[in-house]
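Welcome! Take a moment to look over the protein below, and then we will walk through its build step by step.

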Amino acid sequence: MDNLPSLYQDKDHLRGSQYKDSSNLNARAELHRRFSTASVDWFTWVLDKLSLTANMQLLEVGAGPGWLWRRHLHRIPVGCQITLTDFSPGMVSEAEAALLGTDGQFQFRVANVEELPFSDEQFDLVVANHMLYHVPDLNKGLQEIRRVLRPGGRLVAATNGNAHLQELNEIGQVVFPDLLGEGRQSWAGLAFGLENGRFLLAPWFDQIEQYVYDDSLLVNEVEPLVAYMFSTIASQAVDQSQNVEKLRRYLTQRLADEGVIHITKSTGLFVAHKVGCFPVP
Ligand SMILES: C[S@@+](CC[C@H](N)C(=O)[O-])C[C@H]1O[C@@H](n2cnc3c(N)ncnc32)[C@H](O)[C@@H]1O
């Protein structure tokens, strides 16, 4: 399947299939949750980096089902107003069902980050957690984020690096060489990643810091790996009904031989500051 790279930024595919609801994200989160070696979980780590203070106006773009907030309600300072947006109506409904009524500090809106339905300089902080690599016109998205931030405001943008889950890419190439083999697979090389993020943010923000999350996976079960791999955009190249057994057999043998599969993680975030209000390109 040669058009895989474009599926990562194909709005119809993202809204109507991959992120129609949280089921694919859930399969992936389950692998991280159960087999992570990190000392602090991902969303707690991200929340620490937000440096929330009282009475902040906060916008999350591509918020998915609102996981960042669900287990951290007690950590939201008094007076904060948090607007959760996503261009998938299914995701916004899930976020709303989970968070509506929790002290009234949340608002929900279906919105594409390339056309934010908010006034200039409305927010102190914008969060974009693992979503900027899906935006076809990234400069439009960053321009919009900058526009809605007040001077002195910040963007916190999380993403992955090229080595993220590289062992899963290798497994995909070995088990499905015709579909995901050399020159065909497209799991790595995100449009907005840890390697190129600073460069891409630089035209729009004045000061940029990068933080790396220390983690890896040690997996000793077959089924969470199968569920993960068949939840990804890359797996669109593989007919699940015909190939799931092939993957299962390979992983079962690997685990019988090795006991555990080590998987590299490369994940982190940028904190980008809008210091002034000078015009940008
Ligand atoms: C990998 S998920 C991350 C969800 C959530 N931020 C999290 O970390 O759990 C990416 C999310 O971005 C949303 N998304 C992708 N492109 C978008 C766009 N152009 N505007 C708004 N949301 C978008 C998807 O619908 C999906 O919910």
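Among contacts in the protein chain between residues at least 6 apart in sequence, 83% join residues at least 24 apart; two residues are in contact if their C-beta atoms, placed from the backbone, lie within 7 Å. This is a predicted model, where local features need pLDDT of at least 70, side-chain atom pairs count only at pLDDT 80 or more, and totals for chains, interfaces and linings use all residues. Residues are numbered from 1 along each chain as its sequence is written.

**Overall build**
- The protein chain has 12 helices and nine strands, which are DSSP runs numbered from the N terminus (helices: H or I, at least four residues; strands: E, at least two).
- Its C-alpha trace spans about 55 × 40 × 30 Å along the principal axes.

**The sheet**
- Seven strands form an open sheet with mixed pairing, in the order β3-β2-β1-β4-β5-β9-β6; two strands pair if DSSP finds at least two bridges between them.
- At the edges are β3 (106-110) and β6 (207-213), each pairing on one side only.
- Strand β2 (residues 81-86) pairs with β3 in the parallel sense over five bridges.
- Threonine 83 has glutamine 107 in β3 as its bridge partner.
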